[in-house]
Amino acid sequence: MSATSTNQQTLNELIQHKIDNKTKPRGALGELEALAMQLCLIQQSLEPVLVAPTIIVFAADHGLAREAVSAYPREVSAQMALNILAGGAGINVLSNANGIEVMLVDAGIDWPEAKPEGTIDHWMGPGTNSCLAGDAMDAQTVQDCLEAGRNVVETNVNPACTILGFGELGIGNTSSASLIMSALTGIALVDCVGPGTGLVGEGLAKKVEILTEVQAAHKAPQDAYEALAMFGGFEIAQMTGAMLQAYATGRILMIDGFVASAAFLAATKIEPRIIDNAVFCHQSGEPGHARLLNYLNARPLLSLNMRLGEGSGCAVAYPIIESAVVFIRDMASFDEAGVSTGEPEAQDA
């Protein structure tokens, strides 16, 4: 066994010893204990810290949204982006309640008028091409998006930040996520498609029909880069790049719902070790999300039937992550509290 492996084993043992010797029965804090272990391993420390928590929302339009794949018109992307900038969106109020900074990245909104101030500008155009008629974007644009996402983390995020959440906004992006998921997992497309903005009955059936036509018009992608080019959105590809950079800089990644998980899926195909740093905040109401989480062998912290996007699940789950940190940092040990462990003491021979 190498010195590095030995040191890692020793750290694992030290973390587990610290968890087991808090003033509680072993395992009594359930999933919080596993989460505390993960956070310590990410930071390679017995004293994990959460500094400058931030959620980055990537926003863009989709050419496919001109088809009947959403209950809302394409123009709602720009309207909701303005709502975030004004502080009135779900992600704003949920983040404000938990002391989380929110950043909005304009990855490619089709603005009806001049671009507003206040976004991080990585605009790639007024939305992707319709993947019903060809690829959503070309290979170079995928690389540009990945680099833009990395740049957001490197340039715009507080260097002291230890935990980053990822959210999205864009009418039509659950369709993009479904196609990416099916392409990269091999799961049947019909099992990846859900209501998105609220389609039911004939509307949902039409969405499945259109996406099946899209999938049939493309060859199977060879890797994540091709999948993003064929089916991705500017916001999904930029989010993938940001996740990769967050991992490269040793941060905790908070993964939101279905679309963010599809971006994360692409990231795992580029850098498989990124899974170690990911906290899956919730299982969304999109039926494909449960299957995707199962594929990733991921255990979400919450299951509240949310499907808002925007990083809202990250904001709601953040206090649970805080709880894991304060428990392992601040809860007294048996020795500190003078409490018996309930285990028999060693006897002299």
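Biologist: Which residues does Ser-261 touch, leaving out those up to four places away in sequence?

Modeller: Contact just means heavy atoms within 4.5 Å. By that rule, Ser-261 touches Ile-255, Asp-256, His-289, Leu-292 and Leu-293. Keep in mind that this is a predicted model, where local features need pLDDT of at least 70 and side-chain atom pairs count only at pLDDT 80 or more, while totals for chains, interfaces and linings use all residues. Residues are numbered from 1 along each chain as its sequence is written, and side-chain values use heavy atoms, with hydrogens and water left out.

Biologist: With which side chain does Ser-261 make a polar contact?

Modeller: A polar contact is a pair of N or O atoms within 3.5 Å; within protein, one must be able to donate a hydrogen and the other to accept it, and residues adjacent in sequence count only if both atoms are side-chain atoms. Here the partner is the side chain of His-289, at 2.8 Å.

Biologist: Is Ser-261 buried or exposed?

Modeller: Buried means under 20% relative accessible area, exposed over 50%, and partly exposed in between, using a 1.4 Å probe on protein chains only. Ser-261 has a relative accessible area of 0%, so it counts as buried.

Biologist: Where is Ser-261 found?

Modeller: Helices (H or I, at least four residues) and strands (E, at least two) are DSSP runs, numbered from the N terminus. Ser-261 sits in helix H10, residues 258-270. Of the 13 residues in H10, 11 are buried, including Phe-258, Phe-264 and Leu-265.

Biologist: What span does H10 reach from its first C-alpha to its last?

Modeller: The expected span is 1.5 Å times one less than the number of residues. H10 reaches 19 Å, close to the expected 18 Å.

Biologist: Okay, on to the sheet. What is the order of its six strands?

Modeller: Two strands pair if DSSP finds at least two bridges between them. This open sheet runs E3-E2-E1-E4-E5-E6, with parallel pairing. Strands E3 (120-121) and E6 (278-280) are the edges, each pairing on one side only.

Biologist: How many bridges join E1 to E4?

Modeller: Six, between residues 54-60 of E1 and 163-169 of E4; Thr-54 stands opposite Leu-164 there. E1 also pairs with E2 (residues 101-108) over seven bridges, where Ala-60 has Gly-108 as its partner.

Biologist: Why is E1 described as largely enclosed?

Modeller: Because seven of its seven residues are buried. Thr-54, Ile-56, Phe-58 and Ala-60 point one way, and Ile-55, Val-57 and Ala-59 the other.
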